[in-house]
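User: I am new to this structure and would like to learn how its features are read. Could you take me through them slowly?

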Amino acid sequence: MEIVIQQTAEDIASVVADSIEQLVRSHAAPILGLATGSSPLPVYRELVRRHAEDGLSFARTRAFLLDEYVGLPQGHPESYREVIRREFTGLVDIADDHVQSPDGFSSDVATAGTRYDAAIAAAGGVDIQLLGIGTDGHIAFNEPGSSLASRTRLKTLTEQTRDDNARFFDSVDDVPYHVLTQGLGTILEARHLVLVATGANKADAVAAMVEGPVSAFCPGSVLQLHPHATVLLDEAAASGLKLAEYYRYSYNHKPAWQGL
Ligand SMILES: N[C@@H]1[C@@H](O)[C@H](O)[C@@H](COP(=O)(O)O)O[C@@H]1O
């Protein structure tokens, strides 16, 4: 796992956008894994800017979302399908039918996960998977206790996550209890994992993910098992890391050709 500490969320966005741009320009059929939440928003803003100003095209790109609420009506503004359309895919030239999400609107949520994993595999797998982390250490919607080998499936949100996400709804009572989420095993199959965390409220979860034991108790810690995982942090999110100085030193001495 590589830890990259930057001053601001915009600095992080620029580094991540470089990596995505390199993939999208060089690959015949790039596959992006997209995350919702506020952490990746500066990355999306930077990609939209590069699309508008530098001609960065996503016409050959396909995208898979990490997760989706279950029980919201189709087209609900806070469904992750709508959020990603509003924040990113609707603002660039990626075809709408090239963006897929777990079908939280399905009458058959029990099998929706299996169908979603099959769709990702049929597309050839995800090249770059963007991730955030919840204050309880969850990635996508894999709450503490999620199997490290889990596949896309129905999960129940913790009260902490429902409280954290209440800011997007009129009240916490409107936050669904259930979600469909890529499993930790599904996420591990992406070729490059890129996790972004900013702010002091993420410092404990980041420390547990990076320097704690690999444990279902902190689902983000599963990144320690991936051969190519990059964690991008601002100073506040990195403030609980014991080896922060080493991570800075290592990144500063990285060969220029290596990229993320
Ligand atoms: N399902 C999403 C996660 O993918 C995201 O990482 C997390 C943190 O969100 P934020 O970046 O807004 O803190 O929120 C939600 O629970």
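User: By class, which residues make up the shell around the ligand?

Analyst: This is a predicted model, in which local features need pLDDT of at least 70 and side-chain atom pairs count only at pLDDT 80 or more, while totals for chains, interfaces and linings use all residues. Residues are numbered from 1 along each chain as its sequence is written. Ala, Val, Leu, Ile, Met, Phe, Trp, Tyr, Cys and Pro count as nonpolar, Asp, Glu, Lys and Arg as charged, and the others, including Gly, as polar. Here the shell has 5 nonpolar, 8 polar and 1 charged residues.

User: Which residues around the ligand come nearest?

Analyst: A residue is near a molecule if its C-beta atom, placed from the backbone, lies within 6 Å of it. Of the 14 residues around the ligand, Gly-37, Ser-38, Ser-39, Gly-132 and Gly-134 come nearest.

User: At what angle do helix 1 and helix 2 pack?

Analyst: Helices are DSSP runs (H or I, at least four residues), numbered from the N terminus. Axes are lines fitted to C-alpha atoms over the stretch in contact, and angles run from 0 to 180 degrees between N-to-C directions. Helix 1 (residues 9-26) and helix 2 (residues 41-54) pack at about 55 degrees, with their axes 8 Å apart. Helix 1 is therefore oblique to helix 2, as angles under 35 degrees count as roughly parallel, over 145 as roughly antiparallel, 65 to 115 as roughly perpendicular and the rest as oblique. By class, their contact (C-beta atoms, placed from the backbone, within 7 Å) has 9 nonpolar, 1 polar and 5 charged residues.

Methods:
Helix = DSSP H or I, 4+ residues; strand = E, 2+ residues; numbered from the N terminus.
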